[in-house]
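Open the model in your viewer and keep the selection panel at hand. The stops below follow one another; select, look, move on.

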Amino acid sequence: MTETTQAAIEITNLTKVYAGGKRALDNINLTIPRGQIYGLLGPNGAGKSTTINILAGLVNKTSGTAKIWGFDIDQNPRNAKNSIGIVPQEIVFDPFFTPYETLENQAGYYGVPKDRRRSLELLRAVHLEDKANAYARTLSGGMKRRLLVAKAMVHSPPILVLDEPTAGVDVQLRQQLWAYVRELNAQGVTIVLTTHYLEEAEELCDRIGIINHGRLITDKPTRELIAMAQEKVVQVTVDRDVATVPDAPCFEKVELSDPRTLTITYMKDRANAGQVLSAVQASGLSIVDVVTRDPDLEDVFLNLTAAA
Ligand code: ADP
Ligand code: MG
């Protein structure tokens, strides 16, 4: 086996310009290893769904190449398609079929022979067995999404892609969904999910790629990325103009934002806000106001783009 085919997904110089001129993807290079849970993270409009929809064959790329399980989507579209199951962001449903029929139809579409279909098993796995013969319109949003997950798995693809899977899914069902995703991954299925929640990606993913304005700005093991989000910022307003900017071992960085406001950065694994405030007071300043901020995806973005 060549090195190329070891990747679950390999995207090279992928660009998408929509009719109308929007450059949704700008020369993306991304290799997703087999066997992982990979998170594609980015704010709304970043280009996540465009990437997924190109892999799904729903959107035509402008240039570049994409391989799924070693199969080029242009040269070998059939094998590429058979190697991936996709749960789209938008829930599109045929209201005339029951969940069981929906899975049977999809299996038929993929040419899965009757004796190898596993519609009931899949419905059980996504906790919809009691809805097997229900009217589609009686399903909640969360149920529909879980049915779409089952639908994506009817042909037993080695890769499952979930585009914003937790939109409209309540906490309990989200936990069930994640449990199923982890179970599939333990069975060897490579998982790719997109989300705009850093916490969700942190909890679930082995590796995270961050996409912003159609560009991949980072692609790292999750724990490395978390370390980049360790910075915390506290803004301290004091009772008089600061003559000498204080310093302390627990400060990572101190800036005077205006004559009475100090913006102090510290690392949350090494210090806490209490120590930082004590250090300010120890320098002889009286604190009149404090504002703290948790690092979020935006900060990680900012840190990364600043470093680039
Ligand atoms: P994400 O899934 O990360 O929220 P999308 O891939 O849906 O981002 O969108 C990326 C950019 O492309 C956005 O600016 C969006 O408005 C634009 N876009 C998406 N689909 C289309 C389309 N069919 N036609 C024109 N522009 C589109
Ligand atoms: Mg999207």
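This is a predicted model: local features need pLDDT of at least 70, side-chain atom pairs count only at pLDDT 80 or more; totals for chains, interfaces and linings use all residues.

Residues are numbered from 1 along each chain as its sequence is written, chains are lettered from A and ligands numbered from 1 in the order in which they are written, and side-chain values use heavy atoms, with hydrogens and water left out.

Color the shell by residue class.

Helices are DSSP runs of H or I with at least four residues, strands runs of E with at least two, numbered from the N terminus.

Now show the backbone and look at the oxygen atoms of ligand 1. One lies 2.7 Å from a polar backbone atom of Gly-45. For Ser-49 the distance from a ligand oxygen to a polar backbone atom is 2.8 Å. For Ala-46 it is 3.1 Å. Taken alone, ligand 1 exposes 560 Å², of which the protein buries 62%. Such areas come from the Shrake-Rupley method with a 1.4 Å probe.

Next, select Ile-9, in strand S1 (residues 7-17). Buried or exposed? Ile-9 counts as buried because its relative accessibility is 0%; the cut-offs are under 20% for buried, over 50% for exposed and partly exposed in between (1.4 Å probe, protein chains only). Beyond neighbors within four places in sequence, Ile-9 is in contact (heavy atoms within 4.5 Å) with Leu-30, Thr-31, Ile-32, Leu-55, Lys-67, Ile-84, Ile-159 and Val-192.

Move to the loop between strand S4 (63-68) and strand S5 (71-72), and pick Trp-69. Its phi is positive, about 55 degrees, although Trp-69 is not a glycine. At 21% relative accessibility, Trp-69 is partly exposed.

Last stop: Glu-164, in the loop between strand S7 (159-163) and helix H6 (171-186). Glu-164 also has a positive phi, near 50 degrees, in a residue other than glycine. With a relative accessible area of 7%, Glu-164 is buried.

Terms used: A polar contact is a pair of N or O atoms within 3.5 Å; within protein, one must be able to donate a hydrogen and the other to accept it, and residues adjacent in sequence count only if both atoms are side-chain atoms.
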